[in-house]
Amino acid sequence: MVHFVGAGSGAADLITVRGAKLLEEADVVIYAGSLVNPELLSYAREDCEIHNSAEMTLEQVLAVVKDAEAAGKTTVRLHTGDSSIYGAVREQFDQLEALGIAYDVCPGVSSFCGAAAALKAEYTLPDVSQTVIITRAAGRTPVPERESIRSLAAHQATMVLFLSAALAEKLQGELLAGGYGPETPAAVVYKATWPDEKVYRCTVETLARTVADNGLTKTALLIVGGCLGKEYLRSKLYDPCFTTEYRKGAEP
Ligand code: SAH
């Protein structure tokens with residue numbers, strides 16, 4: 001059995017209770033060493049066999065899993081944040097299916113949630129944006145052209161950019177060309193929820209400079225949108241005049 005486990009965005013105590021239990025029980029752990037907090041490995045047993053996937057290919061990961069299966073062992077594949085976001089898990093799922101190896105998935109706190117906590121932000125603010133676009137700039141690995149930053153920017157929704165700090169200059173140009181005003185609030189969150197987390201607030205116009213001035217090339221999220229600003233409407237849900245399934249609203 002292979003358990004895919006989301007490690008959370010950084011702080012070791014942000015793994016789920018279920019994920020921690022799976023780690024405690026694992027015979028073999030394959031963790032994404034480039035981003036997973038190594039402190040999490042202390043949840044594993046002393047005699048647990050540990051592999052760092054940052055130094056491995058897909059084939060090598062699968063070879064470890066196959067050996068573990070043959071020996072009747074349980075493997076935890078520990079991915080950073082939540083494995084559904086840039087986790088390269090689908091290719092592993094499909095190979096395991098083909099090999100007839102059972103697996104399941106335990107979700108984790110994605111870094112975009114960790115960053116919202118660091119910013120004390122609500123991504124979906126009434127009258128500002130009800131949509132969160134999770135995307136990345138095209139770099140060494142491509143992004144489908146129909147999802148260009150410029151075209152997504154037209155919505156002026158809340159946008160969270162993964163894997164894009166090193167491309168901030170070009171990205172800023174695309175955000176502006178696509179429709180965000182230069183004064184649109186933005187932020188860079190470095191190592192969200194890690195002990196050395198840093199939050200930099202800026203605007204779309206100063207985004208690239210903020211990234212460059214602080215030497216942020218990796219483990220950073222770029223967040224853009226009016227939700228980081230001051231203007232919004234209060235919610236209907238908690239409005240005294242609004243009736244819901246659970247509460248009768250007062251006459252206006
Ligand atoms: N599955 C992960 C994302 C993996 S892609 C998740 O759900 O968070 C790797 C990228 O995620 C990094 O380049 C960076 O842009 C972002 N990232 C991961 N952890 C981060 C953190 N703690 N703070 C800021 N960005 C982070």
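How far is an oxygen atom of the ligand from a polar backbone atom of Leu 163? The distance is 3.0 Å. This is a predicted model, in which local features need pLDDT of at least 70, side-chain atom pairs count only at pLDDT 80 or more, and totals for chains, interfaces and linings use all residues. Residues are numbered from 1 along each chain as its sequence is written, and side-chain values use heavy atoms, with hydrogens and water left out.

**The chain overall**

- The chain has seven helices and 10 strands; these are DSSP runs numbered from the N terminus, with helices being H or I of at least four residues and strands E of at least two.
- Along the principal axes, the C-alpha atoms fill a box of roughly 65 × 50 × 35 Å.
- Of the 252 residues in the chain, 46% count as buried. Buried means under 20% relative accessible area, exposed means over 50%, and partly exposed lies in between, with a 1.4 Å probe and protein chains only.

**The ligand and its surroundings**

- There are 18 residues around the ligand, and Ser 9, Ile 85, Ser 110, Ser 111 and Ala 220 come nearest. A residue is near a molecule if one of its heavy atoms lies within 4 Å of it.
- By class, this shell has 10 nonpolar, six polar and two charged residues. Ala, Val, Leu, Ile, Met, Phe, Trp, Tyr, Cys and Pro count as nonpolar, Asp, Glu, Lys and Arg as charged, and the others, Gly among them, as polar.
- An N or O atom in the side chain of Ser 110 is 2.8 Å from an oxygen atom of the ligand. For the side chain of Ser 111, the corresponding distance to a ligand oxygen is 2.7 Å.
- On its own the ligand has 540 Å² of accessible area, and the protein covers 95% of that. Accessible areas come from the Shrake-Rupley method with a 1.4 Å probe; for residues, only the protein chains shown count as cover.
- The ligand takes up the space of the largest pocket. On a 1 Å grid over the protein atoms alone, a pocket is an open set of points with protein on both sides within 12 Å along at least five of seven lines. A molecule sits in a pocket if more than half of its atoms lie within 2 Å of its grid points.

**Two lysines**

- Lys 191 is in the loop between strand 8 (185–190) and strand 9 (198–203). Lys 191 counts as buried because its relative accessibility is 16%.
- The side chains of Lys 191 and Asp 196 are joined by a polar contact of 3.4 Å. Such a contact is a pair of N or O atoms within 3.5 Å; within protein, one must be able to donate a hydrogen and the other to accept it, and residues adjacent in sequence count only if both atoms are side-chain atoms.
- Lys 236 is found in the segment after strand 10 (220–224). With a relative accessible area of 54%, Lys 236 is exposed.
- Lys 236 and Pro 126 are 110 residues apart along the chain, and their C-alpha atoms are separated by 8.6 Å.

**Positive phi angles**

- Most residues other than glycine have a negative phi.
- Tyr 86, which is not a glycine, has a positive phi of about 50°. Tyr 86 lies in the loop between strand 4 (75–79) and helix 3 (90–99), and is partly exposed at 40% relative accessible area.
- Gln 156 also has a positive phi, near 50°. Its place is the loop between helix 5 (149–153) and strand 7 (158–162).

Technical notes
1 Å grid on protein atoms, 1.4 Å probe; cavity = no way out; pocket = protein on both sides within 12 Å on 5 of 7 lines; lining within 4 Å.
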